[in-house]
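I opened my notebook to jot down what I could look up in this structure. Here it is, for anyone who wants to follow along.

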Amino acid sequence: MNGITELAKLLKERENGTGYSPMFGTIIELPQVKIRLNEKVILNNSHLKSCINLMMQNEDGDYIHLGKEVALLPFANNQKFLVIGVVQ
């Protein structure tokens, strides 16, 4: 392998992978948290960490975030997700 090819290979190995971009899902079940990410993927508590209180209830005891869309940031190679907020 010549020097230029080796240098190109080393640079390729150092390239950053695709960045993490926000994703959106819908809260479909509470208090056992289930968020539908797409038609085939449903996330539960084992996949999630949250910056917001998903369990908030109104005075009637209804979960105020049930059925709402949430913004998610993937981490751990897209195996876990951080809930960063409810989409208005």
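My entries below go from the whole chain to single residues.

**Ground rules.** I am working with a predicted model, where local features need pLDDT of at least 70, side-chain atom pairs count only at pLDDT 80 or more, and totals for chains, interfaces and linings use all residues. Residues are numbered from 1 along each chain as its sequence is written, and side-chain values use heavy atoms, with hydrogens and water left out.

**Overall form.** I looked up the secondary structure and found 1 helix and 6 strands, in the order α-β-β-β-β-β-β from the N terminus. These are DSSP runs numbered from the N terminus: helices are H or I with at least four residues, strands E with at least two. Along the principal axes, the C-alpha trace spans about 70 × 20 × 20 Å.

**Burial and core.** Of the 88 residues, 20% count as buried (buried is under 20% relative accessible area, exposed over 50%, partly exposed in between, with a 1.4 Å probe and protein chains only). Next I asked which residues have the most contacts inside the largest nonpolar core. They are Ile35, Leu48, Val70, Leu72 and Val83, in a core of 13 residues. β5 (69-75) and β6 (80-86) each supply at least two residues of this core, and β6 gives the most, with 3. Such a core is a set of buried Ala, Val, Leu, Ile, Met, Phe, Trp, Tyr and Cys residues joined through side-chain atoms within 4.5 Å.

I then followed Leu48: leaving aside neighbours within four places in sequence, Leu48 is in contact (heavy atoms within 4.5 Å) with Val33, Ile35, Leu43, Leu72, Phe81 and Val83.

**A histidine in a loop.** His65 is in the loop between β4 (48-50) and β5. Is His65 buried or exposed? I found His65 buried, with a relative accessible area of 10%. Not counting residues up to four places away in sequence, His65 touches Ile27, Leu30, Asn53, Leu54, Met56 and Val86.

**Backbone notes.** Most residues other than glycine have a negative phi, and most peptide bonds are trans. I noted that the peptide bond from Leu30 to Pro31 is cis, with omega near 10°; Pro31 is in the loop between β1 (23-29) and β2 (34-36). Ala76, not a glycine, has a positive phi of about 55°. I placed Ala76 in the loop between β5 and β6, where Ala76 is partly exposed at 41% relative accessibility.
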